[in-house]
Amino acid sequence: MKGSFVNQLEANKAANGVFLVQHKEIRYKKNKTGIDTGDPFLSLTLTDRTGELDAKMWDNVAGVMLSFEQDDFIEVKGALQIHNNRKQLTIHRLQKVQQNAVDLADFLPCSARDPKEMLAELQQMACEMKNPHLRELLDLVFADAEMMRRYMRAPAGKSVHHACVGGLLEHVLSVCTMARYAARHYSTVDADLLLAGAILHDIGKINELSYERSFGYTTEGQLLGHIMMGVRMVDEKIAQLPAFPARLRTLLDHMILSHHGELEFGSPKIPLFPEAMLLHHLENLDAKMDCMRRVLEQDANVDGYWTGYSAPLERSLLKKTEYLTGPGSQETAVPPPAPTVTDLAGRLQAHFKREEK
């Protein structure tokens, strides 16, 4: 029995439910002088498909702190409180829950769109390409049943953007939609090359990320990263197409290698031709907009017009709806009074004096 979801918990009320442990840390209480007392407490981040929650267990910790680990499911009983303007769950009791007793769909957020519909839309875009080599390559990719199974489930990221089942496909489809508009606006851009790069730029994430129980990284993903893995996967498909032009392969590889835009952001190369540059900016725009959406939807601050600080965005965000509808929002903007003839004469006189100097 799942019990309450994160977004259903109310402040100053009892909170009971089963949650996934995203982060677990055993800490020790300090006395008034700042010295550890030796009494442990638990600092946890609990999640389900509706969001995440900071949780603390202060008492009776010794008997349960080793009974579960990160990525385990636990049933908790406690109370939700407001601490420093943020929701915090104080746990009174907890126990581990076996995976076969839960529905994983309750714990992994999912795209609002049907992955099969998104994949069909993406395939239709590929079918409309005029370049036979790129179309043949994408046909080979879409024909790989195992690759497509993972493509439809993979998130685009662990937490920053499109962090949900089907998130990668949602992100790629969004970038492709913008790419088609952009190619019409910038008439010198090769629309097929841009679209192929958009479809393939994050393909490595299907193997970089783990997403069967919670979102994390595979060992290969940690060692290589999705950019290197993506180039390898695309090159393996191209190797099955003897007539594929070598220089076209080089351009596709470069688009994958450079789509993060800067060396400091993980790209081995910076974009060096228009389609690569455009892909970088479209991909980055879509990622940033989804990151903003997630920060605003899941912000833990209870009051005020600003979210907490977002490290990926390097800023706090204005809660625009609350700002426009909060106290004082009905006040009308009073325009400054129009200048009088005397005011204008004074400004002209001052101007001429400055000119004389």
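Student: What covers the buried residues of α4?

Tutor: The cover includes α1 (115-127), α3 (145-153), α5, α6 (205-208) and α9. Covering here rests on contact, meaning heavy atoms within 4.5 Å. Keep in mind that this is a predicted model, where local features need pLDDT of at least 70, side-chain atom pairs count only at pLDDT 80 or more, and totals for chains, interfaces and linings use all residues. Residues are numbered from 1 along each chain as its sequence is written, and side-chain values use heavy atoms, with hydrogens and water left out.

Student: What makes α4 a helix by name, and which of its residues are buried?

Tutor: Helices are DSSP runs of H or I with at least four residues, strands are runs of E with at least two, and both are numbered from the N terminus. The buried set in α4 is Gly167, Leu168, Leu169, His171, Val172, Leu173, Val175, Cys176, Ala179, Ala182 and Ala183.

Student: Why is histidine 171 called buried?

Tutor: Buried means under 20% relative accessible area, exposed means over 50%, and partly exposed is in between (1.4 Å probe, protein chains only). Histidine 171 has a relative accessible area of 0%, so it is buried. This residue sits in helix α4 (residues 167-185). Leaving aside neighbours within four places in sequence, histidine 171 is in contact with Ala156, His161, His162, His201, Asp202, Glu283, Asp286 and Ala287.

Student: What about the span of α8?

Tutor: Helix α8 (residues 246-258) has 13 residues and reaches 18 Å from first C-alpha to last, close to the 18 Å expected. Its buried residues are Leu248, Leu252, Asp253, His254, Met255, Ile256, Leu257 and Ser258. They pack against α2 (132-142), α5 (191-200), α7 (219-238) and α9 (274-298).

Student: Where is glycine 261, and why is it called buried?

Tutor: Glycine 261 lies in the loop between α8 and α9. Its relative accessible area is 4%, so the buried label applies. Not counting residues up to four places away in sequence, glycine 261 touches Ser267, Ile270, Pro271 and His280. Glycine 261 and asparagine 284 are 23 residues apart in sequence and 8.6 Å apart in space, C-alpha to C-alpha.

Student: Why does aspartate 72 count as buried?

Tutor: Aspartate 72 has 11% relative accessibility, so it counts as buried. You'll find aspartate 72 in the loop between β3 (51-57) and β4 (73-83). Beyond its neighbours within four places in sequence, aspartate 72 is in contact with Phe19, Leu20, Val21, Lys96 and Arg213. A polar atom of the aspartate 72 side chain also lies 2.7 Å from the backbone nitrogen of glutamate 69.

Student: Why are asparagine 12 and asparagine 60 called exposed?

Tutor: Asparagine 12 has a relative accessible area of 65%, so it is exposed; asparagine 60, at 67%, is exposed too. Asparagine 12 lies in the segment before β1 (13-30), and asparagine 60 in the loop between β3 and β4.

Student: What is phi for these two residues?

Tutor: Phi of asparagine 12 is near 65°, a positive value in a residue other than glycine. Asparagine 60 has a positive phi of about 55° although it is not a glycine. Most residues other than glycine have a negative phi.

Student: What makes a space a cavity or a pocket?

Tutor: On a 1 Å grid over the protein atoms alone, a cavity is a set of points where a 1.4 Å probe fits but cannot get out; a pocket is an open set with protein on both sides within 12 Å along at least five of seven lines, and lining residues have an atom within 4 Å of a point. The structure holds one cavity of 30 Å³ or more. Val141, Met147, Leu200, Ile203, Met233, Val234 and Lys237 line the largest cavity, with α7 giving the most, three residues.

How values were computed: A polar contact is a pair of N or O atoms within 3.5 Å; within protein, one must be able to donate a hydrogen and the other to accept it, and residues adjacent in sequence count only if both atoms are side-chain atoms. The expected span of a helix is 1.5 Å times one less than its number of residues. Grid points are joined across faces, edges and corners, and a volume is the space filled by probe spheres set on the points.
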